[in-house]
Amino acid sequence: VWNILGAGKKALGQIEEASEAFKKVTELNPNYADGYNNLGAALNDQGKLDEALEAYEKSILIRSDNPEAYYNIGNTLKDQNKLDKAIKAYKKSILLRPDYAKAYNNMGNALKCLGKLNEALTSYEMSITIDNDYADAYNNMGLTLQEQGKLDKSIEAYDRALSIKPDYFEAYQNKGNALKDQSKLNEAIEAYRKSLSLAP
């Protein structure tokens, strides 16, 4: 019940209350791996990254085959700009769950931050192969292609993201940037206006 309460509080954005509920879970059942994993996620949302990592590590000590815990570790390490370690955590997560589209996507983001653009694209492609309707992966692919100067392909990726998620204002903004780089200024303005209509 405490775990359900914590999940409910987290969904409502009441992160401190969620943390307290998940702490209660781990006190009542110190061998409950998901309780520590959930606690870590709540602490991460509060910006308590070191404490979040401690909770995830406890989760893994109890259950070493938990792909979600490794995925969460990757996210927290990425937030700490420990990108190489984050990538190792995502790889461990994928090893345990080969169809983990979100882990491939976030590993792509870490690789992109390191300037490993081709590797990032490969990671996004794996994510999309697993989940062909993953709008964020298409948007991230578009950003990476844009950084490589492949503007037509980047716009195709943004359009694909928007076909999946029509209210994706960031994708419209990114598409506007790519069109601006192509000197298609009227089309860029149209994309920016669409972005602003969705997120004034």
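Me: In which helix is Asn109 found?

Reply: A helix here is a DSSP run of H or I covering at least four residues, a strand is a run of E covering at least two, and both are numbered from the N terminus. Asn109 is found in helix H7, residues 101-113. The model is predicted, so local features need pLDDT of at least 70 and side-chain atom pairs count only at pLDDT 80 or more, while totals for chains, interfaces and linings use all residues. Residues are numbered from 1 along each chain as its sequence is written, and side-chain values use heavy atoms, with hydrogens and water left out.

Me: Is Asn109 buried or exposed?

Reply: Buried means under 20% relative accessible area, exposed means over 50%, and partly exposed lies in between, with a 1.4 Å probe and protein chains only. Asn109 has a relative accessible area of 18% and is therefore buried.

Me: Which residues does Asn109 touch, and which side chain does it join in a polar contact?

Reply: Contact means heavy atoms within 4.5 Å. Leaving aside residues up to four places away in sequence, Asn109 touches Lys78, Tyr124 and Asn140. A polar contact is a pair of N or O atoms within 3.5 Å; within protein, one must be able to donate a hydrogen and the other to accept it, and residues adjacent in sequence count only if both atoms are side-chain atoms. The side chains of Asn109 and Tyr124 are joined by such a contact of 2.7 Å.

Me: How many helices and strands does the protein chain have?

Reply: The protein chain has 12 helices and 0 strands. Its C-alpha atoms fill a box of roughly 60 × 35 × 25 Å along the principal axes. Of its 200 residues, 46% are buried. Among contacts between residues at least 6 apart in sequence, 44% join residues at least 24 apart.

Me: What covers the buried residues of H10?

Reply: The cover includes H11 and helix H9 (135-147). H10 has 14 residues and reaches 20 Å from its first C-alpha to its last, close to the 20 Å expected. Leu151, Ser154, Ile155, Ala157, Tyr158, Ala161 and Leu162 are the buried residues of H10. Viewed down the axis of H10, these residues fall within an arc of 155° and so line one face of the helix. The face turned away from this buried side carries the exposed residues Asp152, Lys153 and Glu156.

Me: How many salt bridges does the structure hold?

Reply: Side chains of opposite charge can pair when their charged atoms come close. A salt bridge is a side-chain nitrogen of Lys or Arg within 4 Å of a carboxyl oxygen of Asp or Glu. The structure holds 9 salt bridges. In one of them, Glu20 and Lys23 meet at 3.7 Å, N to O. Glu20 and Lys23 are 3 residues apart in helix H2 (residues 15-28), and are therefore separated by about one helical turn. Glu20 is partly exposed at 49% relative accessible area, and Lys23 is partly exposed at 30%.

Me: Where do Lys175 and Asp159 lie?

Reply: Lys175 forms a salt bridge with Asp159, the closest N and O atoms being 2.8 Å apart. Lys175 lies in helix H11 (residues 169-181) and Asp159 in helix H10 (residues 151-164), so the pair ties together parts that are 16 residues apart in sequence. Lys175 is buried, with a relative accessible area of 18%, whereas Asp159 is partly exposed at 33%.

Me: Which residues do salt bridges with shared partners join into one network?

Reply: Asp34, Arg63 and Asp65 are joined into one network in this way. Within this group, the closest N and O atoms of Asp65 and Arg63 are 3.3 Å apart.

Note on methods:
The expected span of a helix is 1.5 Å times one less than its number of residues. The arc is that of the directions from the helix axis to the C-beta atoms.
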